[in-house]
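Visitor: Please show me the model first, and then let us go through it one question at a time.

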Amino acid sequence: MTKQKMYLRMITSSLLRRKSRMLIALLAVAIGATILFGLATIYVDIPQQMGQEFRSYGANIIFLPSSEEEELEDETMEKIRAMVPEKQVVGMAPYIYENIRINELPFMAAGTDIESVKTTSPYWYVSGEWPGDETQVLAGKELADTVGAKEGEEISIKIEGADGSMTEHKFRVSGILQTGGNEEDYVFLSREALSQIMGREAGIDVIECSFSLPQDELKALSDRVSAELEGVTPRLVKRVTESEGTVLTKLQALVLLVTIVVLGLTMVCVATTMMAVVVERRKEIGLKKALGASNSGITRDFLGEGFFLGLLGGGLGIGLGYLFARAVSMSVFSRPVFFHPVLIPITLGVAVGVTVLACLLPVRRATDVDPAVVLKGE
Amino acid sequence: MFWRMVRGTIFRQFSKMLMIAVTIALGASLATAMLNVMFDVGDKVNQELKTYGANITVLPKTSSLISDLYETEDGSDGAQDTGQYLKESELGKIKTIFWAYNIVDYAPYFNTNVTLAGKEVPLTGTWFSYTLDLPTGESVTSGINNMKTWWDVEGEWLTDAEEDTAMVGSTLAESAGIKVGDTISVEVAAGNRDFTVKAVFVSGDESDDAIYVPLAAAQALAGKEDAVSSIDVSALTTPDNDLARRAAKDPSSLSVKDMETWYCTAYVSSIAYQIEEVITDSVAKSVRQVSESEGAILDKTQLLMLLITILSLIGSALGISNLVTASVMERSKEIGLIKALGGKNGAISWLVLTEILLTALVGGVGGYFAGIGFAQIIGHTVFGSAISVKPMVIPMVAVMVFAVTMIGSIPSIRLLLRLRPAEVLHGR
């Protein structure tokens with residue numbers, strides 16, 4: 001029998017025959033690795049996931065025409081969309097503003113793409129329905145209260161047509177909009193409907209965009225747009241971007257610190273358990289020494305065992321940790337978590353490292369002592 | 001004899017027992033730290049989210065609404081006169097509502113238009129960092145210094161006492177060529193008034209076109225003493241639930257019990273309702289952009305922390321019971337010997353359990369205090385403030401340590417008791 005075969009045999013039989021103890025050790029390593037892999041996955045994924053949540057604050061960058069007389073075109077919107085990675089575009093909504101009269105009172109009508117608005121302003125509360133077709137409008141609450149419009153009723157909107165004369169049009173109020181902000185003074189309808197009553201194809205007055213990008217990338221985008229597209233002035237919505245930066249940094253720091261504390265404590269926990277398991281085997285070490293094994297040989301035996309345990313426990317932990325991270329992500333963000341392959345070698349490395357280190361400390365102490373003393377049981 | 005044996009184990013196998021105590025302490029400290037952080041994270045994140053500014057705005061009831069309401073009566077009921085403005089003298093009352101403690105900051109605004117170098121520009125009077133004496137004898141400081149955290153201010157924030165100073169929005173400053181240190185002269189119907197520009201700010205919204213001055217100065221310009229056009233309130237709130245949504249629609253539709261629950265919970269709608277109660281002829285609205293998003297983010301963060309806490313609790317529980325099992329198994333020979341000498345099963349179980357539980361007690365207490373330390377490190381590093389120590393964490397950790405130690409030791413003790421002393425001592 002070759003030396004290597006004997007070595008392997010000793011390790012495997014030690015693992016297999018001392019089932020209960022090895023199970024305990026394996027469990028300890030697996031727990032450690034699960035926590036490591038799970039938390040690391042969450043930590044890596046948090047910025048993006050939380051960033052998505054912060055998009056509920058609505059648009060973080062808007063694009064305006066450079067001068068008040070000009071208007072933006074649909075083409076510009078497509079060009080801007082092309083500058084941002086598809087995955088980061090949460091929503092882009094074009095707005096056209098026009099003066100109107102309801103009951104002879106002056107108001108503002110906003111023509112927009114209703115479906116896009118739902119993505120850029122997720123905080124809007126509509127009692128009733130969103131406008132479904134071109135005959136329906138969404139009335140702001142203040143406006144509705146002032147003119148006495150109710151959900152489901154008809155209102156007539158007067159607007160200056162292309163030829164300069166005032167024309168009157170009937171619309172059905174599909175819902176009342178509540179935001180707590182200026183939007184409550186407006187009436188919202190589809191772009192097509194507004195163009196129709198204006199009697200011409202109107203260009204866009206402002207594009208509201210909600211991109212899931214950090215502040216510096218938004219700034220870069222804004223610089224790029226002002227350099228490449230003529231007649232477009234980008235403006236960061238500072239309230240949203242600045243605050244998002246501050247809060248998101250804090251949240252990340254929180255998860256990072258929690259991860260570090262949990263990991264540190266867990267790893268020490270794993271190490272003490274391993275040490276307890278190994279300390280028990282002092283007699284075995286003494287016996288081996290008495291039979292003529294060298295200190296380095298014994299150390300190598302334990303190293304091999306530790307390595308196996310670490311690898312096995314680490315592998316188990318990766319599987320369990322991923323399942324955990326996935327469960328967390330699904331229940332918190334309702335999105336599956338991204339699997340980060342780079343964490344696999346890190347988890348295995350830490351698991352093996354901690355196990356081996358925890359094995360070697362007590363082994364070193366046992367090998368330093370005279371076998372006779374160890375075997376006698378002192 | 002029993003206690004002598006216990007003492008013997010603890011002192012003679014000191015290092016082994018110490019290791020168990022240390023592991024239990026680690027697990028307990030982890031549980032303590034995570035539970036404390038988890039219970040406090042809502043409040044802490046809520047505080048951070050205040051950087052988004054006001055979540056409630058208070059406006060005067062619009063005159064049209066009032067004339068609508070009173071259209072059956074003759075128009076001379078006096079409501080018309082007060083309809084347009086809120087009263088500055090009533091502002092202190094906001095700090096006297098049931099949830100006064102939750103109101104972090106608030107600022108009144110008075111908007112008017114002035115003529116600057118031939119062009120009409122909006123001018124807003126507000127509190128910057130105003131100290132108000134309450135009827136209760138306390139004094140509070142609030143204003144936009146703390147509420148507009150996203151403003152980029154070049155120069156200095158104004159103080160409320162210096163009424164001849166102004167802050168100018170960046171867009172306006174650029175188009176009118178105003179710099180910090182300049183003196184601008186604004187015209188109103190009543191005459192001219194000079195202001196020294198102490199700052200130019202970038203806000204990223206429509207305030208960039210406006211001039212900001214202390215409230216008293218703006219009121220004097222328009223000749224409207226005590227008048228306020230709107231109030232921004234920044235309050236710490238509880239995320240909305242079904243009850244809050246029902247109440248927001250119509251508070252009078254709730255049953256007495258629900259109404260009480262709603263009124264005594266810090267929902268944004270109940271705080272708004274209470275503000276309406278104290279400010280005459282006002283409508284308090286929740287700014288949905290801020291309040292809705294706040295709720296969503298708070299919920300998510302709390303859930304995330306809860307799940308991480310559960311993971312670490314399971315981890316430390318398994319870790320502790322694992323080690324306890326290992327350490328009990330190790331004592332097979334000792335237990336075999338006691339059995340051979342005639343020890344009863346019950347007595348042996350008691351002995352081992354007492355030893356382990358004593359160790360667990362020491363470890364648990366040590367771990368609890370270490371855990372509070374960890375929690376404070378997290379609090380100070382992340383939020384710059386201490387995590388409040390919740391007394392309810394103590395029983396939770398105590399129960400966990402006790403249960404986990406028992407679960408770890410009882411099966412292994414039973415296993416060992418089932419073995420025959422001769423076999424154990426023989427070394428199989």
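Visitor: Which residues does B:Pro239 touch, not counting residues up to four places away in sequence?
Guide: This is a predicted model, in which local features need pLDDT of at least 70 and side-chain atom pairs count only at pLDDT 80 or more, while totals for chains, interfaces and linings use all residues. Residues are numbered from 1 along each chain as its sequence is written, and chains are lettered from A, and ligands numbered from 1, in the order in which they are written. With contact taken as C-beta atoms, placed from the backbone, within 7 Å, the residues that B:Pro239 touches beyond four places in sequence are B:Gly295, B:Leu298 and B:Asp299.

Visitor: Where does B:Pro239 lie, and is B:Pro239 buried, partly exposed or exposed?
Guide: B:Pro239 sits in the loop that joins strand S13 (230-235) to helix H8 (242-249) of chain B, where helices (H or I, at least four residues) and strands (E, at least two) are DSSP runs numbered from the N terminus. A residue is buried if 20 or more other C-beta atoms, placed from the backbone, lie within 10 Å of its own, exposed if 12 or fewer, and partly exposed in between.

Visitor: How many C-beta neighbours inside 10 Å does B:Gly295 have?
Guide: B:Gly295, placed in helix H11 of chain B, touches B:Pro239 and B:Asp240 when residues up to four places away in sequence are set aside. The C-alpha atoms of B:Gly295 and B:Leu49 are 9.9 Å apart in space, although 246 residues separate the two in sequence. B:Gly295 counts as buried because its C-beta neighbours inside 10 Å number 24.

Visitor: What distance separates the centres of domain 1 and domain 2 of chain B, taken over C-alpha atoms?
Guide: An automatic or database domain assignment supplies the bounds, and it divides chain B into domain 1 (2-48 + 296-426) and domain 2 (55-236). Chain A is divided into domain 1 (3-53 + 246-376) and domain 2 (60-236), with 57 Å between the two centres over C-alpha atoms. In chain B, the corresponding separation of the domain centres is 58 Å.

Visitor: Which element supplies the largest share of the side of chain B that touches chain A?
Guide: In the contact between the chains, 57 residues of chain B meet 54 residues of chain A. At least two residues on that side of chain B come from each of helix H2 (14-49), helix H3 (63-69), strand S14 (282-286), helix H11 (288-329) and helix H13 (345-383). The largest share, 24 residues, is supplied by H11(B).

Visitor: How do H8(A) and H11(B) lie, roughly parallel or roughly antiparallel to each other?
Guide: Here the axes are lines fitted to C-alpha atoms over the stretch in contact, and angles run from 0 to 180 degrees between N-to-C directions; under 35 degrees counts as roughly parallel, over 145 as roughly antiparallel, 65 to 115 as roughly perpendicular and the rest as oblique. The axes of H8(A) and H11(B) come within 9 Å and cross at roughly 10°. H8(A) and H11(B) are therefore roughly parallel.

Visitor: Which residues of H11(B) make the contact with H8(A)?
Guide: From H8(A), the contact is made by A:Leu251, A:Val258, A:Val262, A:Thr266, A:Cys269, A:Thr272, A:Thr273, A:Ala276 and A:Val277. Facing them from H11(B) are B:Thr301, B:Ile308, B:Ser312, B:Gly315, B:Ser316, B:Gly319, B:Asn322, B:Leu323, B:Ala326 and B:Ser327.

Visitor: At roughly what angle do the axes of H8 and H11 of chain A cross?
Guide: Helix H8 of chain A covers residues 238-279 and helix H11 of chain A covers residues 343-368. Their axes come within 8 Å, and the angle at which they cross is roughly 40°.

Visitor: Which residues of helix H7 (residues 215-222) of chain B are buried?
Guide: The cover over the buried residues of H7(B) includes strands S3 (103-116), S4 (119-126), S9 (183-188), S10 (191-202), S11 (211-214) and S12 (227-228) of chain B. After H7(B) comes B:Gly223, with a positive phi near 70°. The buried residues of the helix are B:Leu215, B:Ala217, B:Ala218, B:Gln219 and B:Leu221.

Visitor: What is the phi of B:Ala117?
Guide: B:Ala117 is found in the loop between S3 and S4 of chain B, and B:Ala117 counts as exposed because it has 12 C-beta neighbours inside 10 Å. For this residue, which is not glycine, phi is positive and near 50°.

Methods: Two residues are in contact if their C-beta atoms, placed from the backbone, lie within 7 Å.
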